[in-house]
Amino acid sequence: MDDIDSMFTDLLGEMDLLTQSLGYKMDPSGMSSSSQRENNFSIRFTDLNESLNELEDHDLDTLMADLGSDLADTEERLNATKTGHVHTQQHKSGYSTQQQNVPAPISLSQMSSLESSSFSLPPEPPKPLPPGEAEAQAKTDKIKLALEKLKEAKVKKLVVKVMMSDGSSKTLMVDERQTVRDVMDNLFEKTHCDYSTDWSLCETNPELQTERGFEDHEYLVEPLSAWTRDSKNQILFLLRPNKYLFFKDPQIFYLWKKDQKCINEIKERHKELLLKENFDGPSLIVPDLEGLLYLREDGKKSWKRRYFLLRASGIYYVPKGKTKTSRDLACFIQLDKVNIYTTTDYKQKYKAPTDFCFILKHPQIQKESQYIRFLCCDDELTLSLWVNSIRIAKYGATLYKNYQMAVRRASTISSTLHLTSLPASSPSTPTVHRANGHTPQEDLPEPPPYFILPPPSGWGSGV
């Protein structure tokens, strides 16, 4: 009798192990860790949840399609691993019952669960929702699914709304691996606009009244992560002719001391020599720009004129009573930790001498701060000289590589579009053209029916 009791006890233990391996029970510690992960997830994606709620239905569907394509492989691997684990556990736990050709006894706990399940009532079917609530519920379900998929993803992603020049907008999913060049290529495909090198992604800050064009090599997620929760900043996709003015007309920056007429009459081959001399050498040569600028002093509303000089390491100024020699120069700011921003209406906002102002600040600074440096120029040409020369001093040859890549991209797309737009002609019947470039009359298409002249009077009357 004791042997039978021990055998029965061992059998019940094996069945309990089998039940646990099949996932019918869950460890309390696992539940607590899972709930903790859910809490962390809800806190981490609070802003993203609000962004998803602002999306239109078609934008949300596009976002879901992108997420599904990114995580399809991951889900397949997880399902394959889970299936293999279950089959392994079933094989290990069921070998003893397969060797014995007798049915396994049922425990009292299993009998009670079977009885309770046999007498339980079926669940009530869900009540149909009104049309408005049904659409809202469907969108909520999509958002939950999007959040779950983002939870599984390891790459940081942002939902970005890009404003177009005509007032419309495009919603994109951008991850931390994508550069500004990648995002612009995506916008080119969505908007079907030309691949001009002048297109730029710009960041605007209404509170500071500033604008900055992102460089093509920058990772877009990084500067956007510095925006505050209540930020009203926007991303614009606009044409900026001065984006690569430095490489289109390098004489403006390297020969700025010469006469304006001489600068305008320079030939193309001289421009190429300037670029080769200053960018293809062993080290990049920064324009030796210098001149008087207005400086807004810290904590004061007044603007004072200072003589500034641009160097590869930063911007320097001549202290009062000193000369322009290197030993007398004082460092105004170094460029490795700051970005340059153009401004709007600073003549009214800060009583600037002119409206041609720019500021230098760390990208993390999103509101007014004592660490912002304000400078003002006399005219638009001086502003363009300083802004573009500072970009060269900061980014160096990387900016030139961006320009070369943009030119190659634009030329490749233009040639492709030109080839696809050409009409297909048969090799046996080549197309014949006249000397003036027009097609012969016999090759012209037939005019539409309403263009055919009416028959003469009396036609068909038998006269």
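**Exercise 1.** Which residue just after α8 takes a positive phi?

*Solution.* The model is predicted. Begin with the helix itself: α8 covers residues 180-191. Moving just past α8, one reaches His192, whose phi is positive, at about 60°.

**Exercise 2.** Compare the span of helix α8 with the expected span, and state which of its residues are buried.

*Solution.* Step one is the count: α8 has 12 residues. Step two is the expected span, which is 1.5 Å times one less than the number of residues; for α8 this is 16 Å. Step three is the distance from the first C-alpha to the last, which is 16 Å and thus close to the expectation. Step four concerns burial, for which the relative accessible area must be under 20%. In α8 the buried residues are Val180, Arg181, Val183, Met184, Asp185, Leu187 and Phe188.

**Exercise 3.** Describe the largest nonpolar core and the surroundings of Ile315.

*Solution.* First, the largest nonpolar core has 38 residues. Those touching the most other members are Phe247, Leu310, Ile315, Phe358, Leu360 and Trp386. Next, consider the source of the members: helix α15, residues 380-395, gives the most to this core, namely eight residues. Finally, take Ile315 and set aside its neighbours within four places in sequence. Ile315 is then in contact with Phe308, Leu309, Leu310, Cys331, Phe332, Ile333, Leu335, Leu360 and Ile390.

**Exercise 4.** Determine how many cavities of 30 Å³ or more the structure holds, and characterise the largest cavity.

*Solution.* The structure holds one cavity of 30 Å³ or more. The volume of the largest cavity is about 40 Å³. Its lining consists of Glu203, Arg212, Pro223, Ala226, Trp227, Asn339, Tyr341, Pro363 and Gln366. Sorted by class, this lining has five nonpolar, two polar and two charged residues.

**Exercise 5.** Describe the volume and the lining of the second largest pocket.

*Solution.* Start with the volume: the second largest pocket contains about 700 Å³ of space. Its lining is made up of 27 residues, and Glu211, Arg240, Asn242, Thr342 and Val387 lie nearest the centre. Then assign the lining to elements: β3 (199-205), β4 (210-213), β10 (339-343) and α15 each supply at least two residues. The largest share, nine residues, comes from α15. By class, the lining of this pocket has 10 nonpolar, nine polar and eight charged residues.

Notes: Residues are numbered from 1 along each chain as its sequence is written. This is a predicted model: local features need pLDDT of at least 70, side-chain atom pairs count only at pLDDT 80 or more; totals for chains, interfaces and linings use all residues. Side-chain values use heavy atoms; hydrogens and water are left out. A nonpolar core is a set of buried Ala, Val, Leu, Ile, Met, Phe, Trp, Tyr and Cys residues joined through side-chain atoms within 4.5 Å. Buried means under 20% relative accessible area, exposed over 50%, partly exposed in between (1.4 Å probe, protein chains only). Helices (H or I, at least four residues) and strands (E, at least two) are DSSP runs, numbered from the N terminus. Contact means heavy atoms within 4.5 Å. On a 1 Å grid over the protein atoms alone, a cavity is a set of points where a 1.4 Å probe fits but cannot get out, and a pocket is an open set with protein on both sides within 12 Å along at least five of seven lines; lining residues have an atom within 4 Å of a point. Grid points are joined across faces, edges and corners, and a volume is the space filled by probe spheres set on the points. Ala, Val, Leu, Ile, Met, Phe, Trp, Tyr, Cys and Pro count as nonpolar, Asp, Glu, Lys and Arg as charged, and the others, Gly among them, as polar.
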